Each structure stands twice: as C-alpha cells, then as structure tokens.
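Morning, everyone. Please have the sequence and the model up on your screens. I'll walk through it piece by piece.

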Amino acid sequence: MPRFSIVVAAYRVQGYLSACLDSVLTQSFRDVEVVAVDDCSPDHCGAIIDAHAARDSRVVPVHQQVNSGPGHARNAGVDRAIGDYVLFLDGDDTLAPGTLQGLADRLALTEDPDILYFNHVRTYWSERREPSLFGGLLASAGTDVFSILERPEFLRIFAMSSNRVYHRAFYTRHGFSFSAGIYEDALLSYKTMLTARRIACVDLVGLEYRQRRVGASTGSPGEKHFAIFQQYVRLFDFLDSRPHLEPLRPLLFERAVSHFLFCLDRPSRVAAADRPRFFGHAAEWYRTHVPEGFTPPVESRWRFAALARGSFLRYREHELSVRGAAGARKLRRIVRPRLAVRAKRNLYRLHRQRPVDPNLAVYSAYWGRGVLCNPAAIYYKALELAPHIHGVWMVKKSEIESLPEGVDHVVTGTRDFYRTVARAKYFINNVNFPNDVVKRPGTVHLQTFHGTPLKCMGLDQQRYPAAAAGMSFGNLLRRIDRWDFALSSNQHSSEVWERVYPAAYQLLEYGYPRNDVFFSASDEDIRQIRAALEIPAGHTTVLYAPTLRDYQKGFTPRLDLERLSRALGPETTLLVRAHYSYRPQADLARLQEAGLAIDVSRHPSVEELCLAADALITDYSSVMFDYAILDRPIVIYADDWDIYRSTRGVYFDLLSGRPGETPGVVARTERELAAVFREGRWCDADATALRAAFRERFCRFDDGHAAERVVRTLMLDHDATAQPLPPAAQPLTESRTAQPRQVGGSGAMIAGRGGAVPPHTVQPNRAFPDRD
C-alpha cells in the first residue's frame, strides 16, 4: 500500500498535464501512486495519461465515459485510491520538488493526523509568483495536533482541495465526497476541517497553484457561479446538525459572505449584467443565515452593511466613489495621442460602422512579406472550394513586386488597409495582425502558426531575456484574444500552444496546410524544381537550413561551408538557406560563384527546397518537423546547443538520441559532421529508426488535406472532422529513391536523387518561406 495516492483530475489541460504528472513522478519520495482521471476531456489528456501509465506503473489511468466535472472526477479517483493518504491535484498544478518527502516527514512526526495542511504559491502565466497569505498561520501551529474548535483561526486557511492531504481512512469513514458544480472544494474543505479531530500543519511551500489566463472552471462569468450559494447552504445545514460546532458559526458566516463579495467584485466570475441578481441572492443568504449579534469585519464593514440592507444601489454608489477616485488619477497619466494616430483611428472607426462583408477574407504571412506559408495554402484552396470568398492580402509596400499575378492586396497602414480590415469577416495569418486591428462581432480569426515548437514560444519566452527582447507580452495577450481558431500540426504543438498562448480559441488539429504539397507533387514537379535551381542531373542534394540565434546579430554560418561542400564531393550539390530575417550574405554569393554551393536564402518556397533535397542538415529549425514527412535523412548539427538552450529555452532534448526526440544522427563538431557522411551513418538503420519515431510523433496530423479541412470549417460551415476525405497520395519517401552511391570517393554511401513530394503545381509565387 503506497503512502500517498495523488488524485489528478484532468479536463482540457493538455498543455499542463505532463508537467503535473512529472512533478509527482520525479519526487524523491517514491512510495506513491497517481490516480489520473481523464474526465472525458476532448483534447489529448487521456492520451497523455495513458503514455505516462505505460512508462511508470505507479500511474493508474481512469477514463470517465462522460464529463462530470472536477468534483465527480476526484470522487472517481478516490474510489480507485489505495494509499494511506490522499492528495488532490488539479491537472494544471504541480508539486514542488521535495514536497512528498516533507509531507511524509511531518506525518510521521505528528503520528498520522486526519488532515495535514501545507502551503502553496500562486504561479501566473506572466511568470509572477505570489506567496500565499497563510505561511505565518501554518508556521504558528508548529508540531501541534489539534481540532478546529481548539484553533478556530485555521478556518481562514484558503479553502481549496490541493493544499492538504487527507488520511484516507478518515476521509472514507465519514463518507466525504465532492458535490456537483463549482465551489465544491470550499464545501468539502470546511466539512472535513469541522469533522477532523487531529489536524496538523507544515509551513512547506509544496503546491504550485497555477493561475491560468483562460480555461479555469471559475475563469468565465455565467450562471454556474450562482452555485456558490447552494454550496454554502449545504455547509450551514451540516453545521446545524452539529450543535457542538455552534461557536464557529460567526467565523464561518464571515468566510462565506467574504467569498460571495470576492466573486461579486470580479467580472471574470460575475458579469456586469448579473451583478444585481447575484447581490440579491447574497443578501437573501445573508438575512437567512446571519448569526445573532454578528459583527462585520472592520475592513469590509460597508460591504457587509449593504448586504444586510439588501441595497445594491448603496453598494454600487460606494463602489463607484472608490473607483472614481482611482480613475481620475489614471486619467491624469494618459498622454494625448498624436493627431495622425487619432485621424487614423477615426477613419477606421467610421468604416467599422458598416456591415461586415461575409464574403471578404484578409490574409497575411510573416508580417506582410507576401503570399506565403499556411495562409497561402488556405488562400488557394479557398479559390477552389469557396470561390465566392474574395481574398485580399495584407503586404508591405516593398513586397508588391513579388506578388503573384492577379492577387488582390492592400498595403499595411493605408486607407485601403483600414477599409478592408474594418469589413472583412475572415482573418488568416501565421503571425499576428497589427495591434490596432479590432475583432468585430461575427468575424473569424485563424492563427495558423508557422512551425512546430522546439524552442520556447509565447509566454514561455519571458524566462529568456534574449528571446523576449522588444516583446510586449501585454500586447501579445490582446492579440491572441482575437483568435477564434488556431492550427496544430501535432499533439506536442497542441499542448504547447494551449499553455503559452492562453485564450479562448479552438484548436484545429488539422496539420499544416503548407505541407499538403508534400502529398500532391509528382516526380516531374521535382525535376522542374531541381532544374530551376540549376542542380545538375544525377547530383545528390543536401539542404543546410540553420535557424535564427537570439543571442547574436546577423547570419554567421556555424560551418565552414566551403570545406563542407568539398567534403561532400563533386557530385553533391549543397543548398544553403539562411533564416529569412537575415540580410543577403556576400560570403554565400562568393561560394555560389565558385560553384561550391547554391544560396537559396531568398528562394520563395522552402517546401520546394525540401522536395529538391535528398537530405537535410539543420540545427534547431522547425523545418525538420516538416521535412520528416518526406522520410528522408535528417542530420542535426548542434555545435552551440548548450548556449542555444540556455538563451532561448527548448521543450525537449533534441540531442538525447531517444526515439521521438532526435530525428536522426547528431554531430557537435565539423569533424563529427564530416564523419557522419563519410561513414554512412546519416542514412543507416539507426538513423532511419530515429526518423520513423520522430515522424510518428510529429507528423501524424499531416495527410495532404489540411487546407481543405480549414476551408470547410471556416468558410463552408462544414464539420471537417466528420466528413471523410479521399486518401491523399503518400509522400515520395526514401523507399522510392535511386540506389545509394559513393560520395567524394571516400567510400561513404549517400542515397541518389530521391523521389519527393512536390507542390500541386510548381509555382514559386504560391510557395511558402522559412520556418523558425
């Protein structure tokens, strides 16, 4: 029998659940079971639980057949628990290292009390950490064991489910369980505390209590919050049946009313339109349950008095007077906007008075760089399936000349731009639209993203100053609040996006539209691409595509490209793709003039480059995730992995060599890289096995129909997941390549010109540029 049963309730927490489970399973104290309850979550929570259970026998997976809410999910977990003590943990929270050992030590010292309370810290999406208010109170208990009648001040401890452990025999003997509805943890917290005869405390900050920006059960207003009154009715019914607890009634009444007022004052819980009605329920509850001779707390006397009188008007008047004084101070700090900005906003506001055009879509990619990436694939698919939707591209003035013929466009910041974005229904981008674009009711915003995250993204960048330089996270949050949908290309991305871009959008696990091209191309398309790049017939082609470094300026090749080219041999063509944010490089131009490499940094389509290449050399670029679809060799050259990881942060160890993390052979030095090709390890059985596991993890959603699913979902109002689509052609993989041949006379073997997966039609202007 384990010492602890950790019951984890999981619903729509796929971005946090792995961290939650790992925080328990990696504790130094290992005598534990984790009863992980998938409350019929529509995301990947169930799969995450099953994956952890497959790796660690201490995980007990429980899958609810219907969604029943966190209380009933916890009850289902208790039914399966066998440990001495039960600890409830929400799927988005974590335990600090050493927590279970600290709890076990205090339980032994206090001879197994009914309840042991410990401390917590609130962790916010902004990386802020806020200590609880109860550290001093917990510390004051020392090693004493007491009942709540002996120490009533402990009724002020935060009434939640996760800052305590219950002796399971005590918990089950008294038939405790969570009730339906939210605020169920407050009811159970007080009932167990009032019942326990032996309570102990430890001032151990063990719970990292996550404050999510969106997604919490209490994080959105609505009728569900009125359940709080019924929960406290149940508590006072419980109190009525236990006369010996009567001395605690005034303090419990004060705690209940303070909880009502806390909710009333937060728009995230009680909407403005619902406040009078919520206040009325609170006032009625107050009159029904107020103890004789009750004295309100001094700091909230006016609030309690307004409830006692049942006067929302008086409450509101006092509230407005307090807020008015604060608002006046804020107004004095506002700087008047410049006249040009004001005129622009007035024009935009005027256009927004006109009706939304249901047949107008605005597209943009890479901050207005052209018809590119996932938005481009969606744009062309919409021309085919939804020709009634008129697409307009938002571009920079410098990019007008590069636009395909016939593509309608507006230049960012112009009158035409504001006229268009004011009336468009559909907004499709792989980054974000400008901050001043307003989300109108009835419009649909799709964030397509432009890569699978290896490096830390979004709010996670706050921990890395080099990556966060110049970023406004407040503006980021305002932009993501406009999203209605966001694309995901694999489960890993879904988990990351949900956590680092916290908003109320819906994830579409459709794959990346730009990768549809890998399923629709022909051998002839590839021959045309290679001919356009002037790759000699019969040559093996290696694409070198490194990513951006936040810690350095400008493109500095991590390799001696001339030496690499000569090592690969005369029958191998080296393509070099610098990150799109870097300026053209004179050194690359000289290499190209010498016939040692082809500089493809400004080629409009990285997809075409992938199709042309027989192998990829990269470091940390997300191009590896897309190239893996082709099932061709990937070589990781990571000479600065430690620096990159510490300055940007990563989500998994790319160099670990573990299946599903490393896509192929890894080299840390130029000498190792040369040996990789010379010895044939770049395409041997071990590299192939790693690549297969990598594809299985990161390429599962891509099947050649991503763009079609997006158009059907957004513009045709179809259920794209329920509608069967014809099977796409399989990518032309290594299995369809020519026989291996030697490279550079070294005796190494390199696959000949591979088959591949080209675009629908080879049109460079329809292509998609670099990943991150």
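One caution before we start: this is a predicted model.

Let's begin with helix α18. Its buried residues are H492, S493, S494, E495, V496, W497, E498, R499 and V500. What does the covering of the buried residues of α18 include? Two of the helices are α1, at 17-25, and α2, at 45-55. Another is α26, at 685-698. Strands β15 (485-487) and β16 (506-508) also take part.

Those two strands bring us to the sheet. Seven strands make it up, and the sheet is open. Read across, the order is β12-β11-β10-β13-β14-β15-β16, with parallel pairing. Which strands stand at the edges? They are β12, at 409-411, and β16. Each has a single partner strand, so one side of each has no neighbour in the sheet. On average, neighbouring strands are turned by 25° against each other, direction ignored.

Now step through some of the pairings. Strand β10 covers residues 357-364, and β13 covers 424-429. Five bridges join them, and they run parallel. Here D357 stands opposite A424 of β13. Next, β13 joins β14 through four bridges, again parallel. Y426 has V444 in β14 as its bridge partner. Then β14 pairs with β15 over two bridges, also in the parallel sense. There, Q447 faces A486 of β15.

Stay with β14 for a moment. Is it buried or exposed on its faces? Both faces are covered. V444 and L446 are buried on one side, H445 and Q447 on the other. Helix α14, residues 373-385, lies across β14 (444-447). The helix also lies across β10, β11 (390-395) and β13. Against β10, α14 runs at about 145°.

On to the rings. How many aromatic pairs does the structure hold? The count is 48. Take Y166 and Y171: their ring centres are 5.3 Å apart and their planes stand at 50°, so this pair is tilted. Both Y166 and Y171 are buried. A further tilted pair is F229 with F260, at 4.8 Å centre to centre and 55° between the planes. F229 lies in α8 (227-240) and F260 in α9 (249-264), so the pair ties together parts 31 residues apart in sequence. F229 has 6% relative accessibility, so it counts as buried. F260 has 1%, so it counts as buried too.

F229 and F260 also belong to a cluster linked by ring pairs. Among its other members are Y190, Y232, F253, W285 and F304.

The charged end of R151 sits over the ring of F146, 5.2 Å from the centre. The charged end of R352 sits over the ring of Y348, at 4.5 Å from the centre.

Last topic: the nonpolar cores. The largest has 70 residues. L155, L194, Y232 and L252 have the most contacts inside it. Helix α9 gives this core its largest share, nine residues. Look at L194. Leaving aside neighbours within four places in sequence, L194 touches I148, L155, L235, F238, L239, L245, L248 and L252. A second core stands separate, with 46 residues. Its members include C373, L477, L487 and M715.

How values were computed: Residues numbered from 1 in each chain as written. Predicted model: local features only at pLDDT ≥ 70, side-chain atom pairs only at ≥ 80, totals over all residues. Heavy atoms only, no water. Buried < 20%, exposed > 50% of the residue type's maximum accessible area, 1.4 Å probe, protein only. Contact = heavy atoms within 4.5 Å. Pairing = 2+ DSSP bridges. Axes fitted to C-alpha atoms, helices over the stretch in contact; angles between N-to-C directions. Phe/Tyr/Trp six-rings, centres within 6.5 Å; stacked < 30°, edge-to-face > 60°. Lys NZ or Arg CZ within 6 Å of the ring centre and 35° of its normal. Core = buried A, V, L, I, M, F, W, Y, C linked by side-chain atoms within 4.5 Å.
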